[in-house]
Amino acid sequence: MIWAIVEYYYNALMKSKASMLSFAIQPISFIFIVYVISGGKFLDSALSGAVVSFVVGVGIADLSIELVGMKVRSKFYDIFMALPGRGIEKTLGISIGISLPAFPYIAVLTTILIINGGFQRLFGVVLALSALWLWSISLGTYLGTKIKEPLTVMRISTILTTLLTVFPPVYYPLDIVPYQLRKLLLLIPTVSASSVMSGNVTEIAIISLASWLAVGFLVLLIAEWKE
């Protein structure tokens with residue numbers, strides 16, 4: 001079931017080059033801006049921030065909008081969820097499928113991060129990506145199933161992704177914010193993920209990511225239980 005759904009989204013989303021480029025234009029623009037302004041010093045933070053933006057964008061924004069769109073367009077969501085198979089498998093299939101356009105960019109950016117920081121950075125990158133993706137799709141699924149109007153979910157997801165990726169230290173290093181705020185900011189999953197991927201691995205960042213990973217699992221299990 002999962003891979004049939006993923007194949008459907010692959011055929012629907014991966015054939016348009018213009019769509020693939022427009023999908024990536026904002027994170028790549030931010031990398032350019034941060035790189036130029038910092039004189040290259042914040043490159044790893046900018047790359048990590050772009051990875052975070054891709055993951056949060058597909059999880060919170062694209063997934064929630066797709067789920068609401070399926071319900072509004074043709075009641076396809078109800079028909080889809082009534083098909084044989086576990087609900088969590090269908091949710092994961094849609095989540096993986098809607099994430100496909102981000103995969104090539106994430107692969108390139110994380111490869112550069114690992115080359116810059118050494119192979120020891122691999123564990124942090126994998127943990128951060130796993131925790132952030134699972135948390136993002138659980139939040140996107142919640143929004144997509146609770147909200148009925150496409151315009152409402154578009155506005156809420158835009159506000160959330162902006163608040164989570166633009167203002168906090170996601171594209172820029174945590175070190176440049178006041179010391180008193182750093183531990184508090186690391187409780188935000190986007191901040192802890194960016195910090196760990198850029199090589200600033202701290203105990204509180206790891207605990208934060210592990211906690212958000214558990215929250216993501218819990219939300220999906222509750223959704224499965226309520227089905």
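A term to have ready: angles under 35 degrees count as roughly parallel, over 145 as roughly antiparallel, 65 to 115 as roughly perpendicular and the rest as oblique. You're looking at a predicted model, where local features need pLDDT of at least 70, side-chain atom pairs count only at pLDDT 80 or more, and totals for chains, interfaces and linings use all residues. Numbering starts from 1 along each chain as its sequence is written, and side-chain values use heavy atoms, leaving out hydrogens and water.

Select helix α7 (residues 122-146) and helix α10 (residues 189-197): they pack at an angle of about 160°, with axes 8 Å apart. Therefore α7 and α10 are roughly antiparallel to each other. (Axes are lines fitted to C-alpha atoms, for helices over the stretch in contact, and angles run from 0 to 180 degrees between N-to-C directions; helices, H or I of at least four residues, are DSSP runs numbered from the N terminus.)

Now show the side chains. On α7, pick G124, V125, A128, L129, L132 and W135; on α10, pick P189, T190, A193, V196 and M197. These make the contact, meaning heavy atoms within 4.5 Å.

Next, the rings. Three aromatic pairs turn up in the whole structure; ring centres of Phe, Tyr and Trp (its six-membered ring) must lie within 6.5 Å, with planes under 30 degrees apart called stacked, over 60 edge-to-face and the rest tilted. Select F30 and Y171, a tilted pair at 4.8 Å centre to centre and 55° between the planes. F30 sits in helix α2 (residues 17-38), and Y171 in the loop between α8 (150-165) and α9 (179-185), 141 residues apart.

Notes. Helix = DSSP H or I, 4+ residues; strand = E, 2+ residues; numbered from the N terminus.
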